[in-house]
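Subject: Structure for you to look at

Hello,

Here is the structure I promised to pass on. Please open it next to this email and follow along.

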Amino acid sequence: MTPPTSLPLQDNSTVLTVCGELEDAGIAAQIQTLVDRAERIVVTGHERPDGDCIGSEVAVCAILRALGKRAEIVNSDPTPRKYSNLDPDGMIRQHTPGVPLSADLVFVVDSTDLNRIGKITREDFGTAKVVDIDHHPGNPMFGDVNFVDTRAAAAAEMIWRLASERRWPVPPLAREAMYIGLITDTGHFSYSNATPRVLRMAAELRETGVDGEAAWRRIYLNKTRAELDLETRARASLECFANGRIASISVRNLDFVATGTTPQNADDFSSIPRMLAGVELALFFYELNGGASTKVSLRSTRDIDAGALARLFGGGGHRQASGCSFNLPLDAAKAKFIAEAEKALN
Ligand SMILES: [Mn+2]
C-alpha cells in the first residue's frame, strides 16, 4: 500500500494538523485497513439530518473520493435546503426502502445507534463491514470498528481527527463540510462543547479557505417567509412551568400545514424558549405524522441532565441537548413530559 503521506495533494487539498487524542491512532489504523480493502463505500447518518450529520457525511465521502475510492452518501431523509451547497455534484442520494446499499463498507456517522438511521435497516447493509463514528452518549458500539468519543463536540470533529491521524488529503468541499458540522453542533461556537480544540480546528479551516461569514449567512440567515411565519406561531405558543424554570413552545401539525412547512424548517426552534431569563430547561414540542405523534427537543442551561430526562421516555442525547418522542398528540405528550420534568427539577 502507498503510504498516505506520499499521496499527491490535488485540487487544493490539505493535510490537517493532528490535534486528537492518543488513542485515535489505533482506531484510525483499523479504519484505514477497512477502507483499503473496500471497493464500494456508502456513507450514511441519522434520520432528518442536521448540519453535523450532512457535514460529516460529505467530509467522509469527499475524502474517500480524494483517496480514489468509489463512495456515495445514502440518506433516509432529504437534505435541508440550507445545506444543499455541500452537495454540488449529487453525492447524496435518497434511500429507496428495501433496496440494498450494495457496498462492502458502510460508514455510519453522528448516529447513536442503528435505529436512528431512519428507513435504512441493518438488512440493507448486506455483508458490508461497518464503521461507527459518533459523539453521542449511549452508542452501543454497533460497528466492526467504533470511533466514538462523547467528549467530541461534533461528529465532524471525529472526521477531522481520523483524517489528520491518517494524513488523508482533505479537499475544499470536505473542509467546508466539517466547518458546517462544527458550527451547527456548537451553536456557532457558543456552547460549552466549543473547546479550544474546536476553535483551533475552525481557525485552520478558515485559514485554508472556508468563508465563515458566508457559512453563517447560509445557515442562520437565509430563511424563507414560510419559516419566519412558523417561527411567529412558535413564539406565540410560549408557556412557562415550575415558576419559570421550564419554558416550552409548541408547534402543531396545523401550524406546519398553515405555513406550508415541515419539522425540518424548525430545527433550531429550541433556542427560542432558551432565551428567556431564568429558564433552566427549554422545551420544543412539535407534532409529527399528521399529529399522531409528538417529538420534544430539550435544552438544559444549568444542572438538569437533559439526556437523562429524554432517556426516561426512550429518547437520548447529551447533557445539554437531547430529544424523545411520544406516540401521542401534543397536549397528551406535553402533560406527561412536564410532570417528569418538574420532578427532575426537585
Ligand atoms: Mn452531531
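Of the contacts in the protein chain with a separation of 6 or more, 67% join residues 24 or more positions apart. Two residues are in contact if their C-beta atoms, placed from the backbone, lie within 7 Å.

A note on the source: this is a predicted model, where local features need pLDDT of at least 70, side-chain atom pairs count only at pLDDT 80 or more, and totals for chains, interfaces and linings use all residues. Residues are numbered from 1 along each chain as its sequence is written.

Buried residues make up 44% of the 346 in the chain. Buried means that 20 or more other C-beta atoms lie within 10 Å of the residue's own C-beta, again placed from the backbone.

The protein chain has 11 helices and 12 strands. These are DSSP runs, numbered from the N terminus: helices (H or I) have at least four residues, strands (E) at least two.

Now the sheet. It is open, has 6 strands and mixed pairing, and runs in the order E7-E8-E9-E10-E12-E11. Two strands pair if DSSP finds at least two bridges between them. Strands E7 (239-241) and E11 (316-317) are at the edges with a single partner strand each, so one side of each has no neighbour in the sheet. E10 (residues 293-300) pairs with E12 (residues 321-326) in the antiparallel sense, over 6 bridges. There, Thr 294 stands opposite Phe 326 in E12.

Best wishes

Notes. A residue is buried if 20 or more other C-beta atoms lie within 10 Å of its own, exposed if 12 or fewer, and partly exposed in between; C-beta atoms are placed from the backbone.
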